[in-house]
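I opened a new notebook page for this model. I want to record what I look up, in the order I look it up.

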Amino acid sequence: MATLQRFQFSYGSDNYGVLLHDTDTGQTACIDAGDADAVMNALEQQGWSLSHLLITHHHGDHTAGLGAVKSATGCQVIGPHPVSQPIIGIDQHVGDGDTFQFAGRAVNVLHTPGHTADMINFYFPEDKLVFTGDTLFSMGCGRLFEGNAAMMLNSVNKLKALPHDTLVYCAHEYTATNARFAMAVDPDNVALQQRSVEVTRLRAAGEATVPTLLQLELQTNPFLRTDNPQLRQSLGMDTADDVSVFAELRERRNQY
Ligand SMILES: [Zn+2]
C-alpha cells in the first residue's frame with residue numbers, strides 16, 4: 001500500500017485544510033470544507049478529484065463550503081452525528097469507535113467533545129496520521145464552547161493514547177501564541193524552550209508549524225501535561241486533580 005500523499009493549504013485568517021491522495025486507487029479526501037474556493041483551488045493545483053469529504057465539527061469555518069464542494073465534485077461526505085447543531089449534506093454519520101474505509105485502509109473515528117459536542121477526529125493508523133480539528137492544537141487545545149474541562153480532558157486523553165509517532169494535523173495556526181502561553185506556565189521545560197525557538201523561526205519564514213508529532217506535543221503542550229509535577233508546581237497545584245489543572249490552564253489561556 002502506497003503512503004498517502006498529503007497537501008495542506010491555508011484559508012481564512014488561520015485555518016488549515018488538508019487533502020489526502022492515494023495513487024493506487026486515485027481516491028482523494030479533504031478534511032473539512034470551510035472555504036469551497038480554497039478546497040477547489042487545492043484540488044486543481046494537485047490535479048486530484050475529490051472522492052471523500054471528512055467533517056470534524058459543525059462550526060462555519062469547517063463547513064461553510066460543504067454544499068458547494070459536494071455539488072462540484074459529487075464526493076461522499078462523512079461527518080459527526082448531529083448533537084447541538086446538525087450539518088447539512090452529510091451522507092454518512094459516524095461516532096466514537098466507528099471505522100470506515102478510505103482508499104483501501106481503515107479510518108478510525110474518535111469522538112472528542114469539548115470544543116463542540118459533535119467533534120470527531122479522524123485517525124489513520126496505517127499512515128500514522130490524526131486530524132484533530134479544533135480539539136488539539138500545537139501546544140494548545142480548543143476553547144470549551146459546548147463542553148467542560150472534564151469532557152475535554154477525556155477527549156485529549158484519547159489522543160494521548162495514540163502511538164507517539166503519529167503526525168497530528170490541527171485545523172488552525174495558533175502555535176506562536178500557544179508557545180508563548182506554554183512558556184508562561186511551564187518555563188523550565190527544555191523541550192518547550194527548543195520548540196518555541198523553532199516556531200519563531202518557522203513563522204518568521206512564513207512556514208506552517210502544522211503538522212506536529214504527538215511525541216513533541218506530549219513534551220511541550222501544557223494541556224497534555226496536567227500530570228507533570230514541574231507544570232503543576234508552577235501553577236501552585238501540586239496536589240490538585242487532573243481536571244482542576246486542565247480547567248485552570250484553559251481559564252488562564254482564555255485570559256492570555
Ligand atoms: Zn471550531
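The entries below go from the whole chain to its sheets, its helices and its domains.

**Entry: overall build**

I note at the start that this is a predicted model. I began with the inventory. The protein chain has nine helices and 14 strands. Next I looked up the extent. The C-alpha trace spans about 55 × 40 × 35 Å along its principal axes. I then checked the radius of gyration. A compact globule of 256 residues would have a value near 18 Å, and the protein chain has 18 Å, so the two agree. Of the 256 residues, 46% are buried. I also looked up contacts between residues at least 6 apart in sequence. Of these, 59% join residues at least 24 apart.

**Entry: the six-stranded sheet**

I went to the open sheet next. Which order do its six strands take? I read β7-β8-β9-β10-β13-β14, with mixed pairing. Then I looked at the edges. These are β7 and β14 (212–213), each with a single partner strand, so one side of each has no neighbour in the sheet.

Strand β7 (residues 99–102) runs antiparallel to β8 (residues 105–111), and four bridges join them. F100 stands opposite V107 in β8. The hairpin of β7 and β8 has two residues between the strands. In that hairpin A103 takes a positive phi near 50°.

I then turned to β10 (residues 129–131). How does it run against β13, parallel or antiparallel? The two are parallel, with three bridges between them. V130 stands opposite V168 in β13.

**Entry: around β5**

I looked up strand β5 (residues 76–80) for its cover. Four of its five residues are buried, so I logged β5 as mostly covered. I then listed its partners. Strand β4 (residues 52–54) runs parallel to β5, joined by three bridges. I78 in β5 is the bridge partner of L54. Strand β6 (residues 92–94) also pairs with β5, parallel and with three bridges. G79 stands opposite H93 in β6.

**Entry: helix α1**

Which residues of α1 (residues 36–46) are buried? I found A38, V39, A42 and L43. Their arc around the axis is only 135°, which puts them on the same side of α1. The spacing has a plain reason. An α-helix has 3.6 residues a turn, so residues three or four places apart point the same way. I then looked for what this side packs against. The buried residues of α1 pack against β1 (5–11), β2 (15–21), β3 (28–31) and α3 (66–73). The face turned away from the buried side carries the exposed residues D37, E44 and Q45. I also checked the residue just after α1. That is G47, with a positive phi of about 70°.

The protein chain is divided into domain 1 (5–169) and domain 2 (175–255). Their centres, taken over C-alpha atoms, are separated by 24 Å. I then looked up the contacts across the boundary. On the domain 1 side 22 residues are in contact with 26 residues of domain 2. Which elements give two or more residues to the side of domain 1 that touches domain 2? They are β12, α4 (149–160) and β13 (167–169). The largest share, six residues, comes from α4. Last, I sorted that side of domain 1 by residue class. The residues divide into 14 nonpolar, five polar and three charged.

Definitions and conventions: Residues are numbered from 1 along each chain as its sequence is written. This is a predicted model: local features need pLDDT of at least 70, side-chain atom pairs count only at pLDDT 80 or more; totals for chains, interfaces and linings use all residues. The radius of gyration is taken over C-alpha atoms; the globule rule is 2.2 Å times the number of residues to the power 0.38. A residue is buried if 20 or more other C-beta atoms lie within 10 Å of its own, exposed if 12 or fewer, and partly exposed in between; C-beta atoms are placed from the backbone. Two residues are in contact if their C-beta atoms, placed from the backbone, lie within 7 Å. Two strands pair if DSSP finds at least two bridges between them. Domain bounds come from an automatic or database domain assignment. Ala, Val, Leu, Ile, Met, Phe, Trp, Tyr, Cys and Pro count as nonpolar, Asp, Glu, Lys and Arg as charged, and the others, Gly among them, as polar. The arc is that of the directions from the helix axis to the C-beta atoms.
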